[in-house]
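Reader: I have a structure open on my screen and would like to go through it with you. Could you take my questions as they come?

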2 protein chains.
Amino acid sequence: MAGKFESIEKCLEKNLPEDELKEVKRILYGKPCSILEFSQDITEESNAKKVELAGYKIHAGPEQLRKPRTVRIGAVQHKIVLSTTAPVAEQLEAIHSRIGEIVKIASQCGVNVICFQEAWNMPFCFCTREKYPWVEFAQSAEDGPTTKICQQWAKQYNMVIVSSILEREESHRDVLWNTSVVISNTGNVIGKTRKNHIPRVGDFNESTYYMEGNLGHPVFETQFGRIGINICYGRHHPLNWYMLGVNQAEIVFNPSATVGDLSEPMWPIEARCAAIANNYFVVGINRVGTETFENEFTSGDGKPAHNDFGHFYGSSYVAAPDASRTPGLSRLSDGLLVTEVDLNLCRQVKDKWGFQATSRLDMYAEELSNAVKPDYKPHVIREGDKNQGQ
Amino acid sequence: MAGKFESIEKCLEKNLPEDELKEVKRILYGKPCSILEFSQDITEESNAKKVELAGYKIHAGPEQLRKPRTVRIGAVQHKIVLSTTAPVAEQLEAIHSRIGEIVKIASQCGVNVICFQEAWNMPFCFCTREKYPWVEFAQSAEDGPTTKICQQWAKQYNMVIVSSILEREESHRDVLWNTSVVISNTGNVIGKTRKNHIPRVGDFNESTYYMEGNLGHPVFETQFGRIGINICYGRHHPLNWYMLGVNQAEIVFNPSATVGDLSEPMWPIEARCAAIANNYFVVGINRVGTETFENEFTSGDGKPAHNDFGHFYGSSYVAAPDASRTPGLSRLSDGLLVTEVDLNLCRQVKDKWGFQATSRLDMYAEELSNAVKPDYKPHVIREGDKNQGQ
């Protein structure tokens, strides 16, 4: 069933009576999104290219002094195109070509900012622990072939692109990183950030390949809002989200690659909690499909050696600061999610809920600074303790 | 419909085909809980007392060197008993008596640690902004009438009790606080903690009555595990959860009072995200019912004056560190949720997922310490910036 189940939303829509569906959606999804319609040409094009195309609008209230700041956000989830045994250059070229098709559709949908999944131009090979040929996918963030093709698209379509790749940093001793490159709609690279938290769980043997990012929590100012990126496993770390909010992000992308057995019940939770707590939009993007590798590998779970990573369940979605969210893309197929948002919602929710004003950040800065000291004693109170302070 | 809709879980169970229900539950609720059965005597008693009684077990794996540390956690949600116009002493006495019935049922269910909703012994009167008679519900945390009756129950039933009240601190100039008192199963008060984040949203005019808590993030060592408390609005603050994890909590209670229009889509999200990110159990408890007040009040939302706070939607549940959760109690009625957990799961999930080892807390302590400086400049990178660092 899990391998055929398309999405929670489609299942509920099929089975629930209308009045109950409304209540379930209100509680599970918050304020309803409205549908963003596309022309017949576009839907035919996306059908022909086997791209699930979904469009939604998330509204904000009017203000007197600021105009709406409407942005269309594109989120792309896709399968790898060729077999993982094909030559590296061919695999890379095939994925470039496939995403080129989807970016073109996105441009027809009026997308302003688009983000692809984590390590989008390659298979998610880190399960294998093999270095070659996989590290050959690594490139310069500034002028590698993937950045170059993104720069072309960005300029051609007037679109900001967030491109997450395996980076080879030649200027720093050939080190590898898991990196997101932010490309302006002018075609220039604005900058890059790196994955701050590296997993050591299941088949996610990424610490075999690269270390924790060293670029902090930059936010990128673009023509279409201030953008932050929290790569994959960083979504489990509340402080990683938090610092992007402190640095004024309005949209945070979470390009990911994660599989059903491990994380699926967490997927609807963490991006939304981050959007709520930090008053920004979160765009959760997950890889889709099952990737098979030539040589078998084990997963440190006592089970027999095998050749695939498990099912990447897609389900990409956008979460809003007001606790609403879009439905997810399919668990099974390539897709493009287009979400029109009004960035003014971020500050409107800040003003309504007051999480930032009531944050007591000075208290937490002090408590965390104490907590990292080698002789930190957790603040535990036992029965009979006279002194209740720390 | 919202006023009649009992719960998401009951709706899904009624309407979905079995195989699809299984998938929906897997994605929305994680690893299934098993049912904790009670004797017919107990279920008859709870039916007679009009208490929805639900029992679940959340399992952990076996270990070689530690025995299972099985604890039964009780979560109580209840309506006020008398009209808010009844004399304060009578209202207080009626709620004490009602909760006495529920605690007795809990003891028959083998509950070891029980928690009641926020300000459980009074109506949630802060919508009114009237000081009297409401502040007369305030009591000493150490030896007020509510603490005294909890001490009796605790000793009689060998149960740890978390009792959240409006505290009057006579020894510090009669100041009011929103406080949780932790009472040992010996009947002694172990200590107390206070609400760290005070809302200014909707009818939650609590800042009219009391200030932000000044007791930090203590965790209470009990015979049944290490307990933390994050009171109500504190659940929107990731760092409030975080510090309780740093201080070694295994179960964190979130006694709350929150209404449907404001927060219902957040309710299934935040407690679970906290449980996942911090590797502890979270027990989310929400008040239930609609409370009406004699004098009309406005809500700062342009709508006419009215006499009620809106519907407190109950839906109390337990979230586990492995991303599973129990179903929620009803949105409509008094209830007792009994959840048997193995506290060993907390460290098992830490070891599996590695969020603590990969937390980079030193980096965040430094970044937050910088962020609170008056001259902090958010780390924003613009097109053409040569220096990408902060």
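## Talking through the model

Author: Gladly, and we can begin with one residue: leaving aside residues up to four places away in sequence, B:Cys33 touches B:Tyr56, B:Lys57, B:Ile58, B:Arg325 and B:Thr326. Please keep in mind throughout that this is a predicted model.

Reader: Where is B:Cys33 found in chain B?

Author: B:Cys33 sits in the loop that runs between helix H2 (18-29) and strand S1 (34-35) of chain B.

Reader: And what separates the C-alpha atoms of B:Cys33 and B:Arg168?

Author: Those two C-alpha atoms are separated by 40 Å, and the residues are 135 residues apart along the chain.

Reader: Now the sheets, please. In what order do the eight strands of the open sheet in chain A come?

Author: The order is S1-S2-S15-S3-S4-S5-S6-S7 in chain A, and the pairing is mixed. Strand S1 (34-35) and strand S7 (189-194) of chain A stand at the edges with a single partner strand each, so one side of each has no neighbour in the sheet.

Reader: Do S1(A) and S2(A) run parallel or antiparallel, and how many bridges join them?

Author: S1(A) and S2(A) run antiparallel and are joined by two bridges, with A:Ile35 standing opposite A:Tyr56 in S2(A).

Reader: Which strands form the open sheet of six?

Author: That sheet draws on chain A and chain B, in the order S14(A)-S11(A)-S10(A)-S9(A)-S8(A)-S16(B), again with mixed pairing. Its edge strands, each pairing on one side only, are strand S14 (317-319) of chain A and strand S16 (380-381) of chain B. Helix H6 (residues 238-246) of chain A packs on this sheet, where it touches strand S8 (219-222), strand S9 (225-229), S10 and S11 of chain A, and its direction makes about 150 degrees with that of S10(A).

Reader: In what sense do S10 and S11 of chain A pair?

Author: Strand S10 (residues 251-256) and strand S11 (residues 281-286) of chain A pair in the parallel sense over six bridges, and the bridge partner of A:Ser256 in S11(A) is A:Asn286.

Reader: What does strand S16 of chain A pair with?

Author: Strand S16 (residues 380-381) of chain A pairs with strand S8 (residues 219-222) of chain B, in the parallel sense and over two bridges, and A:Ile381 stands opposite B:Phe220 in S8(B). On B:Phe220 there is also a bridge to B:Ile227 in S9(B), and S8(B) and S9(B) form a hairpin with two residues between them.

Reader: Changing topic, which residues of helix H9 in chain A are buried, and what covers them?

Author: The buried residues of helix H9 (residues 344-353) of chain A are A:Asn344, A:Leu345, A:Cys346, A:Val349 and A:Trp353. Their cover includes strand S2 (52-58), S11 and strand S15 (335-342) of chain A, together with helix H7 (260-263) of chain B. After H9(A) comes A:Gly354, which has a positive phi near 70 degrees.

Reader: Which residues touch the most other members in the largest nonpolar core?

Author: They are A:Phe253, A:Phe281, B:Phe253 and B:Phe281, in a core of 134 residues. There is a second, separate core of 31 residues, and among its members are B:Val76, B:Ile99, B:Cys150 and B:Leu336.

Reader: What kind of aromatic pair do B:Phe124 and B:Phe312 form?

Author: The pair is edge-to-face, at 6.2 Å centre to centre with 80 degrees between the planes. B:Phe124 lies in the loop between strand S4 (113-115) and helix H5 (145-157) of chain B and B:Phe312 in strand S13 (residues 306-313) of chain B, so the pair ties together parts 188 residues apart in sequence. Both B:Phe124 and B:Phe312 are buried.

Reader: Finally, which peptide bond involving B:Pro133 is cis?

Author: The cis peptide bond is the one joining B:Tyr132 and B:Pro133, with omega about 10 degrees, and B:Pro133 is found in the loop between S4 and H5 of chain B.

Conventions. Residues numbered from 1 in each chain as written. Chains lettered and ligands numbered in written order. Predicted model: local features only at pLDDT ≥ 70, side-chain atom pairs only at ≥ 80, totals over all residues. Heavy atoms only, no water. Pairing = 2+ DSSP bridges. Helix = DSSP H or I, 4+ residues; strand = E, 2+ residues; numbered from the N terminus. Contact = heavy atoms within 4.5 Å. Axes fitted to C-alpha atoms, helices over the stretch in contact; angles between N-to-C directions. Buried < 20%, exposed > 50% of the residue type's maximum accessible area, 1.4 Å probe, protein only. Core = buried A, V, L, I, M, F, W, Y, C linked by side-chain atoms within 4.5 Å. Phe/Tyr/Trp six-rings, centres within 6.5 Å; stacked < 30°, edge-to-face > 60°.
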